[in-house]
Amino acid sequence: MTAPPLRFGLIGTGHWARIAHAPVLASTEGIEFAAVWGRDPRAAAELAAAYDAVAHEDLEAFLAGVDGVAFAVPPDVQAPIAARAARAGKHVLLEKPIALSEAAADDLVEAVEQNGVASVVFFTLRFQPRMRRWLADVTARGGWYGGVAAWFGASLLESSPFNTPWRRDKGALWDLGPHVLSLLWGVLGPVTSVIADAGPADVTHLVLHHQGLHDRGLHDRGLHDRGGPSSVVTVTQSGGEAAPGFEAYIWGAAGQSDAPALTSDPTVALRTALTELAQNARSGRTRHPCDVRFGRDVGRVLAQAQRQLDERASRLGERTVT
Ligand SMILES: NC(=O)c1ccc[n+]([C@@H]2O[C@H](COP(=O)([O-])OP(=O)(O)OC[C@H]3O[C@@H](n4cnc5c(N)ncnc54)[C@H](OP(=O)(O)O)[C@@H]3O)[C@@H](O)[C@H]2O)c1
């Protein structure tokens with residue numbers, strides 16, 4: 001006997017909701033796209049009608065009709081609504097970053113843990129099939145000393161549908177940083193420290209130290225005594241029309257291994273994230289490599305980097321004044 005579908009609701013009606021979340025919710029096996037909530041009732045009604053879902057103006061009524069909630073709203077809007085959803089017993093498919101403050105992220109983690117719901121954060125790179133094959137291969141081989149990653153994006157161009165207020169405010173550190181960190185974390189282990197510096201516009205550079213992944217190769221060469229693997233990252237969303245995009249590699253005694261190119265269609269990866277969330281929801285498992293706790297840990301690194309950038313900006317400001 002097949003289990004009844006899990007009913008999912010979508011929070012948000014913007015570009016990302018329309019091109020990624022809505023089509024995936026409507027076409028994933030075992031999922032019923034049941035409801036939409038957005039701050040603009042007309043946009044919610046329009047999006048819901050396109051998928052035979054119900055549009056809600058009242059969040060309580062929206063939550064009452066679903067088993068799980070997918071989010072496509074800015075992170076500071078997502079965090080409190082997701083905590084409320086988790087406290088109402090709903091499973092949550094979250095976007096990155098999970099929040100913009102450590103307090104909001106901690107509250108969300110507490111809500112998820114105390115209510116025993118499943119959570120997955122859509123760190124896109126961790127769900128792309130080719131990237132997953134690469135991750136499985138390089139982590140099995142081990143022996144990596146470090147990584148280099150750069151993402152030169154163009155979302156802050158006037159013409160980009162991703163030129164949204166929170167991105168303009170927080171820049172690539174919070175937008176692309178989570179993706180890059182989630183990948184390097186998967187290969188080189190948890191981040192243990194970060195040094196951040198800024199370039200022009202929203203250009204951000206990070207130097208990261210990693211705990212490693214119980215890597216015998218590094219132990220054998222005594223490299224763990226020197227603090228495990230390290231990596232360097234540059235991200236910006238101000239790369240302009242000809243922004244070269246994403247590239248990453250890791251390196252070690254065995255040479256260099258390049259991460260595969262990104263795929264432009266987000267729906268394959270998002271379907272995988274939703275399917276894995278639904279599997280956990282059905283089986284009562286709440287742990288996932290990209291669950292809300294991982295989202296919080298990535299957010300802590302971003303927050304620490306942000307503090308350093310803010311200190312630098314205020315130091316430079318003081319110097320300009322004197
Ligand atoms: N994983 C990925 O690869 C990926 C890619 C793209 C985006 N994302 C994530 O998706 C999320 C949204 O993306 P986006 O910034 O590009 O936005 P977006 O798709 O333009 O959508 C923003 C949505 O949030 C709504 N919204 C804005 N402020 C709100 C508020 N104060 N209260 C209630 N609703 C509000 C907007 O409503 P209005 O339409 O009324 O303004 C709109 O429906 C972000 O977390 C982003 O990181 C992830």
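Close-up 1. A polar side-chain atom of T124 sits 2.7 Å from an oxygen atom of the ligand. That makes a polar contact, meaning a pair of N or O atoms within 3.5 Å. On its own the ligand exposes 920 Å², and the protein buries 80% of that (Shrake-Rupley accessible areas, 1.4 Å probe). A word on the model: it is predicted, so to speak of local features takes pLDDT of at least 70 and side-chain atom pairs count only at pLDDT 80 or more, while totals for chains, interfaces and linings use all residues. Residues are numbered from 1 along each chain as its sequence is written, and side-chain values use heavy atoms, with hydrogens and water left out.

**Close-up 2. The shell around the ligand.** There are 20 residues around the ligand, and R39, K96, T124, W166 and R167 come nearest (a residue is near if one of its heavy atoms lies within 4 Å). The shell splits into 9 nonpolar, 7 polar and 4 charged residues, with Gly counted as polar. Helices α1 (15-27), α4 (75-87) and α7 (165-175) each put in at least two shell residues; helices here are DSSP H or I runs of at least four residues, and strands are E runs of at least two.

**Close-up 3. Strand β11 and its two partners.** β11 (residues 245-252) runs antiparallel to β7 (residues 144-152), joined by 8 bridges; strands pair if DSSP finds at least two bridges between them. β11 and β12 make a hairpin with 2 residues between them.

Close-up 4. Most residues other than glycine have a negative phi, and most peptide bonds are trans. The bond between K96 and P97 is cis, with omega about -20 degrees, and P97 falls in the loop between β5 (91-94) and α5 (102-115). D52 is not a glycine, yet has a positive phi of about 55 degrees; D52 is in the loop between α2 (41-50) and β3 (54-56).

Key: Polar contact = N/O pair within 3.5 Å; in protein donor to acceptor, adjacent residues only side chain to side chain.
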